[in-house]
Amino acid sequence: MRAPPPLLSRRASPLLFSCSSLAPPVACRLPPSAAAAVARSVSVSTAVEAPTAAAEPAFGDAAAAAPRRRLILLRHGESAAGGRLTRDHDRPLSKAGIAAAISVSNKLQQMGWIPELVLCSDATRTKETLKILQEHVKGLSEAIVHFIPSFYSIAAMDGQTAEHLQKAICEYSSDEILTVMCMGHNKGWEEAASMFSGDSVVLKTCNAALLEAEGKSWVEAFSLAGLGGWKLHGIVKP
């Protein structure tokens, strides 16, 4: 932060000092030429202080250099059981899962957490959850979407989801994008939310962890925050 300019001392005119030496309550009367000199000294000292006020916008510019970046970790809605031949990957949302997705959509809309980039597991239940959000969250249909198959498998592996999400976000995002949503599965999603924030986060179906960090880029945000440095703004629940 640039240090503010030093305060400039106001130098008094010798005429002013000569006036103060007079015993009160005698009024100090100055000849016209001396009065003009005093007026000039006052107007000059006022003009000298102006640069201090003009320099203040520089502090705002410095603060704006590191924007706040938002990360939404959303677990899919509740899935239906499916038939005996239905793979886990292909299970659709249940009726309760659909209702929960609509509810979370409305809450994200009200809070203003609208992602510009969505990275989503390619499992059926996550894709259906995303479709509901796109139908109910204004502006979400304009977000960039990438379906990432590895999001389905990485969530089942201990301690690997946080690093995997970080790499995916830095790969697919850009510095201009300030809000990213990653959609996937437990146990990986709540594990990643806990590691990023340093809190013990529980994500039930269709819960979303809202995380924040600052950085000029996503790479810088992850670097500065590290593990445990992301602010947990809250958990959105149906």
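**View 1. Strand E1 sits between two partners.** E1 and E4 run parallel and are joined by six bridges, while E1 and E5 pair in the antiparallel sense over seven bridges. Pairing here takes at least two bridges found by DSSP between the two strands. Helices (H or I, at least four residues) and strands (E, at least two) are DSSP runs, numbered from the N terminus. At residue level, arginine 75 has glycine 184 as its bridge partner in E4, and arginine 68 stands opposite glutamate 214 in E5. E1 is mostly covered, with six of its eight residues buried; buried means under 20% relative accessible area, exposed over 50%, and partly exposed in between (1.4 Å probe, protein chains only).

A word on the model: it is a predicted one, so to speak of local features pLDDT must be at least 70, side-chain atom pairs count only at pLDDT 80 or more, and totals for chains, interfaces and linings use all residues. Residues are numbered from 1 along each chain as its sequence is written, and side-chain values use heavy atoms, with hydrogens and water left out.

**View 2. The whole sheet, strand by strand.** The sheet is open, has six strands in the order E3-E2-E4-E1-E5-E6, and mixes its pairing. Its edges are strand E3 (144–147) and strand E6 (231–236), each pairing on one side only. From one strand to the next, the twist averages 15°. Further along, strand E2 (residues 117–120) and strand E4 (residues 179–184) run parallel, joined by four bridges. Look for leucine 119 there: it stands opposite cysteine 182 in E4.

**View 3. Two helices lie across the strands.** Helix H8 (residues 161–172) lies across strand E1 (68–75), E2, E3 and E4, at about 140° to E2. Helix H9 (residues 188–197) lies across E1, E4, strand E5 (208–214) and E6, and runs at about 155° to E1. For these angles, axes are lines fitted to C-alpha atoms, for helices over the stretch in contact, and values run from 0 to 180 degrees between N-to-C directions. Contact means heavy atoms within 4.5 Å.

**View 4. Helix H10 has a buried side.** In H10 (residues 218–225), the residues Trp218, Ala221, Phe222 and Ala225 are buried. Seen down the helix axis, they fall within an arc of 95°, so they line one face of H10. That arc is taken from the directions from the helix axis to the C-beta atoms. On the face turned away, you'll find the exposed residues Val219, Ser223 and Leu224. The cover over the buried residues of H10 includes E1, H8, E4, H9 and E5. Just after H10, glycine 226 takes a positive phi of about 60°.

**View 5. Asparagine 207 in a loop.** Asparagine 207 is found between H9 and E5. Its relative accessible area is 4%, so asparagine 207 counts as buried. Not counting residues up to four places away in sequence, asparagine 207 touches Leu73, Leu74, Arg75, Val202, Ile235, Val236, Lys237 and Pro238.

**View 6. Arginine 125 in helix H6.** Arginine 125 is found in H6 (residues 124–136), and an unreviewed UniProt entry annotates Arg125 as "binding site". UniProt positions follow the numbering used here, feature names are shortened, and annotations may be inferred rather than shown by experiment. Arginine 125 is buried, at a relative accessible area of 5%. Among the residues it touches are His76, Asp88, Tyr152 and His185. A polar contact of 3.2 Å joins the side chains of arginine 125 and histidine 76. Such a contact is a pair of N or O atoms within 3.5 Å; within protein, one must be able to donate a hydrogen and the other to accept it, and residues adjacent in sequence count only if both atoms are side-chain atoms.
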